[in-house]
Structures are given as C-alpha cells and as structure tokens.
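Please look over the sequence and the structure shown below before reading on. The report that follows takes up a few selected features in turn.

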Amino acid sequence: MLNERSYTTIISPVISEKSAIQKSNSNTYVFKVAKDANKKEIISSVEEIFGVKVSSVRVLNTKFKNKRNRFGKYKTGTYKKAYITLEEGKEINLENPFK
C-alpha cells in the first residue's frame, strides 16, 4: 500500500546531460529527493512507486551557487540528489512511470 511519505520523498527526476549518460551507461537514475530523506526511505519509495528492485543508492547534498544578473547578486537553492542504481534488466519509464 502506498502512503503519502512515499510520494513526498521523491520530488522529481533530474533531467540533464550527465543524468542521461548515467542512465545509458550504468542503469542509474537521478532524482531530487526531500532533504530529510535517508537511503532506506528512498529505496522503499522507489520500489513502491515504480515497482522495480533497487541495488544501490548514493546521496548528494548540493551546494548553492553564486549567480549574477542585471538586478544584482543572488544564490541558487540547495537540494538533495539521489543516484539510484537498479538491478540488471530493470528500467523506469519516466514519461509514463505508472504503466
């Protein structure tokens, strides 16, 4: 049974060139996750929502970056990323994940 915490742990997938390379080379998906989530919560959320078996999880806290535009200086937000490696032969369809 899916609970609310499963859906609030995983915020969104990270769509970038680096994450696409990770996905094709080592079957690793990158997600933005809640700041208070730990590895066990992330594993259980991915397995419940997407119905796949997770082999490993690596977690990274991103740092802010100093930016500048014509209105002045500002800092970007911080967030937590999770690199999720699935077992061999499993994949997540990010366009329609509940299929």
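## Contacts of valine 46

In this predicted model, valine 46 is in contact with Ile10, Gly51, Val52, Val54, Ile84 and Ile92, once its neighbours within four places in sequence are left aside.

## The nonpolar core

Val46 also belongs to the largest nonpolar core, a set of 17 residues in which Phe31, Ile42, Val46, Phe50, Ile84, Leu86 and Ile92 are those with the most contacts inside it. At least two residues of this core are supplied by each of strand E2 (28–33), helix H3 (39–50), strand E3 (54–61) and strand E6 (80–86), and the largest share, four residues, comes from H3.

## Isoleucine 92

Isoleucine 92 is found in the segment after E6, and with a relative accessibility of 5% this residue counts as buried, because the cut-off for that class is under 20%. When residues up to four places away in sequence are not counted, isoleucine 92 touches Tyr29, Phe31, Val46, Phe50, Val52 and Leu86. Between isoleucine 92 and threonine 8 there are 84 residues in sequence and 18 Å in space, taken from C-alpha to C-alpha.

## Strand E2 and its partners

Five of the six residues of E2 are buried, and the strand is therefore largely enclosed by the rest of the structure. E2 pairs in the antiparallel sense with strand E1 (residues 10–13) over three bridges, where serine 12 has lysine 32 in E2 as its bridge partner. The pairing of E2 with E6 is likewise antiparallel and runs over six bridges, with valine 30 standing opposite tyrosine 83 in E6.

Note on methods:
Residues numbered from 1 in each chain as written. Predicted model: local features only at pLDDT ≥ 70, side-chain atom pairs only at ≥ 80, totals over all residues. Heavy atoms only, no water. Core = buried A, V, L, I, M, F, W, Y, C linked by side-chain atoms within 4.5 Å. Buried < 20%, exposed > 50% of the residue type's maximum accessible area, 1.4 Å probe, protein only. Contact = heavy atoms within 4.5 Å. Pairing = 2+ DSSP bridges.
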